[in-house]
Amino acid sequence: MNAPSLDMAAAEALFAFWRDAGVDACFEAEPVDRTVFVAPVAAKGPATITPLRAPGAPPSVDEAAVEARRLAATATTLDELAEAVAAFEGCPLRAMGARQSVFARGNPQGSLMIVGEGPGAEEDVRGQPFVGQAGQLLDRILTAAGLLDEAFLTNTVFWKTPGNRTPTPQEQAVCAPFLERALALLKPKAVLLVGAAAAKAVLKTDDGIMRTRGQWREWRLSEDGIAAPVMATLHPAFLLRQPQAKGLVWKDILDLSARLRGEVVEPGA
């Protein structure tokens, strides 16, 4: 049986009708449920890796901390550690007006490590921590207690903050590997944390300085099992504004001196 002949004129008229009616697609012979989305098959080829950050963008806190830890690990002396700090470019404070890195001063074989907040304007100019008015007061306190010659002084960050503001936890975290390496190289008998910012960063606490000061705690590094007894006290800059608080600091310094002399001081005493 022969198929019916195609009436071309009728077919053209039908296509013209569909076109004028807005029909612009043909459906398949079998029904298709178009409410169900079928994911397209992925094209074969090498995977595309999205970069962690745009070219030229500053490193993240984690990336900068990894680089800081790598540099810190190469230092076998405190002098080499100071050079590693100066070479480190991952701290954002470098680009915020600081003139130079400010790492440490004092006795590199001392039994006492002192950790402050960060360098100020005078420290930024001279390249040493605790040399401004507050640092001079701290020196007088340490001298009165016979501890100045035993002290190695540093900070939680090594570049001046804009407007001498408190360093952020992120800025402290980036610099922490260098501070921890300083503890590992110095191996002090005791550590004195000066001010709330230093206490919060090292002790990993949100407690205020009036709650933490005068208490003996432990600063233990996650690597190498290195640890040291640590006490927090008020910052000498606070004493310049509130001289009536000097008695609290002097009590803390006497407890610190007793610890260094080998006298038993119970934690929390």
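Visitor: How many aromatic pairs does the count come to?
Guide: This is a predicted model, where local features need pLDDT of at least 70 and side-chain atom pairs pLDDT 80 or more, while totals for chains, interfaces and linings use all residues. Residues are numbered from 1 along each chain as its sequence is written, and side-chain values use heavy atoms, leaving out hydrogens and water. Rings of Phe, Tyr and Trp (its six-membered ring) pair if their centres lie within 6.5 Å; planes under 30 degrees apart are stacked, over 60 edge-to-face, and the rest tilted. By that rule, the count of aromatic pairs is five.

Visitor: Which residues of α3 are exposed on the face turned away from its buried side?
Guide: Helices (H or I, at least four residues) and strands (E, at least two) are DSSP runs numbered from the N terminus. In α3 (residues 78–87), the buried ones are L78, L81, A84 and V85. Going by directions from the helix axis to the C-beta atoms, these fall within an arc of 105°, so they line one face. The face turned away carries D79 and E83.

Visitor: What covers the buried residues of α3?
Guide: Helices and a strand both feature in this cover. It includes α2 (61–73), β3 and α6 (169–186).

Visitor: Which strands stand at the edges of the sheet?
Guide: Strands pair if DSSP finds at least two bridges between them. The open sheet has six strands in the order β1-β3-β2-β4-β6-β5, with mixed pairing. Each edge strand has a single partner, so one side of it is left without a neighbour in the sheet. Those edge strands are β1 (105–106) and β5 (216–220).

Visitor: In which sense do β4 and β6 pair?
Guide: β4 covers residues 190–194 and β6 covers 227–233, with four bridges between them. The bridge partner of V194 in β6 is T233. The sense of the β4–β6 pairing is parallel.

Note on methods: Buried < 20%, exposed > 50% of the residue type's maximum accessible area, 1.4 Å probe, protein only. Contact = heavy atoms within 4.5 Å.
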